[in-house]
Amino acid sequence: MTQAGRQGSPRKRGQNSAQNNAGGFGSRGGSGRSGAARGGAKGAPKSPERKRGERPQAKGSGAAPFANERFGRNLGPVRDGRKTAAPLPQHKPRTRAEMNDEGVRLQKVMANAGVASRRVCEELIEQGRVEVNGQIVTELGTRVNPETDAIHVDGVRIQTNEHLVYMAFNKPRGVVSTMDDPEGRPCISDYLRPGTPERLFHVGRLDTNTEGLLLLTNDGELANRLSHPSYEVPKTYVVQVRGPMPHGVGAQLRRGVELEDGLAKVDSFKLVDSTPGFVLVEVVLHSGKNRIVRRMFDAIGFPVQRLVRAKIGPIGLGDQKQGTIRKLGKQEVGHLMAAVGL
């Protein structure tokens with residue numbers, strides 16, 4: 001497998017966490033492994049009353065879904081509801097007799113999908129934190145069909161199809177965002193391990209000189225939704241330009257810049273760092289137009305020197321090294337699905 005060296009750092013001291021999240025600006029930050037939520041001390045006051053729309057939290061030790069995962073544990077439940085820019089798949093309602101006689105017990109399916117132990121899965125069901133096809137289920141005898149039923153835990157969709165894969169690739173500069181290249185340039189397939197499914201979709205193209213996050217999957221439905229503009233999945237970029245940058249540039253980008261194919265604007269703009277000679281900024285936008293970030297900064301008179309995509313929706317690079325590919329955690333996959341109404 002071809003390995004790419006990490007890019008040089010534009011500075012050596014005073015690194016900012018936003019730069020570390022860019023997966024290449026400055027030195028590596030702390031570990032991307034978030035610590036598991038710790039239980040409260042004995043005799044601690046009760047949790048405050050939940051706000052409307054919030055889901056109940058686990059009671060008792062160890063009753064947290066996806067607690068053993070390496071990545072994505074800090075994402076928590078889906079609290080703001082799932083987007084429904086397009087109708088969700090319709091599932092034929094089943095009678096209680098059918099639910100009792102057919103399929104696999106719900107807690108077993110959840111445990112096999114890596115949610116938690118079967119005992120903890122039973123607790124989650126009894127607490128009303130599990131949905132099957134949009135309906136909350138609290139009976140432990142409920143049976144489901146793992147191949148057709150949509151199961152959510154705390155609003156997070158669990159993936160029961162073992163043949164589907166979801167990966168994050170930190171693309172180095174100089175790599176083409178295709179699976180193969182007729183000109184022989186480095187491409188995505190050069191970084192895949194033997195045995196990886198052949199037909200993978202890459203979500204979100206990056207031009208050759210842009211670094212950062214690409215999602216890889218063989219889940220065609222998810223890939224299509226993530227790429228469709230109607231779902232408005234936000235993307236976060238860290239941009240290096242020549243400084244100094246005058247006040248008002250962020251407001252200008254938020255208002256919008258007129259390009260040859262129409263008005264383009266960012267959702268948010270944040271100054272990350274400023275030193276003599278260059279400026280780092282973080283921008284978030286949901287447009288998927290070709291080379292949109294570079295064209296916007298060109299239009300305001302600040303050509304991009306270096307560009308890294310740090311996040312797609314809820315998935316971030318963290319401290320993932322350039323040129324590496326990792327599998328997404330099950331909670332990360334669930335949040336990604338929730339972002340596009342699955």
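A polar contact is a pair of N or O atoms within 3.5 Å; within protein, one atom must be able to donate a hydrogen and the other to accept it, and residues adjacent in sequence count only if both atoms are side-chain atoms. Helices (H or I, at least four residues) and strands (E, at least two) are DSSP runs, numbered from the N terminus. The model is predicted: local features need pLDDT of at least 70, side-chain atom pairs count only at pLDDT 80 or more, and totals for chains, interfaces and linings use all residues. Residues are numbered from 1 along each chain as its sequence is written, and side-chain values use heavy atoms, with hydrogens and water left out.

Helix H5 spans residues 220-227. Aspartate 219 caps the N-terminal end of H5. A side-chain oxygen of aspartate 219 lies 3.3 Å from the backbone nitrogen of glutamate 221. Buried means under 20% relative accessible area, exposed over 50%, and partly exposed in between (1.4 Å probe, protein chains only). The buried residues of H5 are Leu222, Ala223, Arg225 and Leu226. They fall within an arc of 165° seen down the axis of H5, so they line one face of the helix. The arc is that of the directions from the helix axis to the C-beta atoms. An α-helix has 3.6 residues a turn, so residues three or four places apart point the same way. Asn224 and Ser227 are exposed, on the face of H5 turned away from its buried side. The cover over the buried residues of H5 includes S7, S8, S9 and helix H8 (330-339).

Strand S9 covers residues 211-217. In S9, 7 of the 7 residues are buried, so the strand is largely enclosed by the rest of the structure. Two strands pair if DSSP finds at least two bridges between them. Strands of a sheet pair through backbone hydrogen bonds, either parallel or antiparallel. S9 pairs with S7 in the antiparallel sense, over 6 bridges. Tyrosine 166 has threonine 217 of S9 as its bridge partner. S8 also runs antiparallel to S9, joined by 3 bridges. Here phenylalanine 201 has threonine 217 as its bridge partner in S9. With strand S15 (residues 304-312), S9 runs parallel, and 2 bridges join the two. Glycine 212 has arginine 309 of S15 as its bridge partner. Glutamate 211 stands opposite valine 308 in S15.

S15 is also largely enclosed by the rest of the structure, because 7 of its 9 residues are buried. Strand S10 (residues 235-242) pairs with S15 in the antiparallel sense, over 7 bridges. Tyrosine 237 has arginine 309 of S15 as its bridge partner. Strand S16 (residues 315-316) runs antiparallel to S15 and is joined to it by 2 bridges. Lysine 311 has glycine 316 of S16 as its bridge partner. The hairpin of S15 and S16 has 2 residues between the strands. In this hairpin, glycine 313 takes a positive phi near 60°.

A further sheet is open and has 4 strands, in the order S3-S2-S5-S6, with antiparallel pairing. Strand S3 (135-136) and strand S6 (156-157) stand at its edges, each with a single partner strand, so one side of each is left without a neighbour in the sheet. Strand S2 (residues 130-132) is joined to S3 by 2 bridges. Glutamate 131 stands opposite isoleucine 136 in S3.

Helix H4 (residues 118-126) has Val120, Cys121, Glu123, Leu124 and Ile125 buried. Contact means heavy atoms within 4.5 Å. The buried residues of H4 pack against helix H3 (106-112), S2 and strand S5 (151-153). Glycine 128 follows H4 and has a positive phi, near 75°.

Aspartate 181 lies in the loop between strand S7 (166-171) and strand S8 (201-203). Aspartate 181 is buried, with a relative accessible area of 14%. Not counting residues up to four places away in sequence, aspartate 181 touches Val176 and Cys187. The side chain of aspartate 181 makes a polar contact with the side chain of arginine 185, at 2.9 Å.

Cysteine 187 counts as buried at 4% relative accessibility. Cysteine 121 is buried, with a relative accessible area of 0%. The structure holds 0 disulfides, a disulfide being a pair of cysteine sulfur atoms within 2.5 Å.
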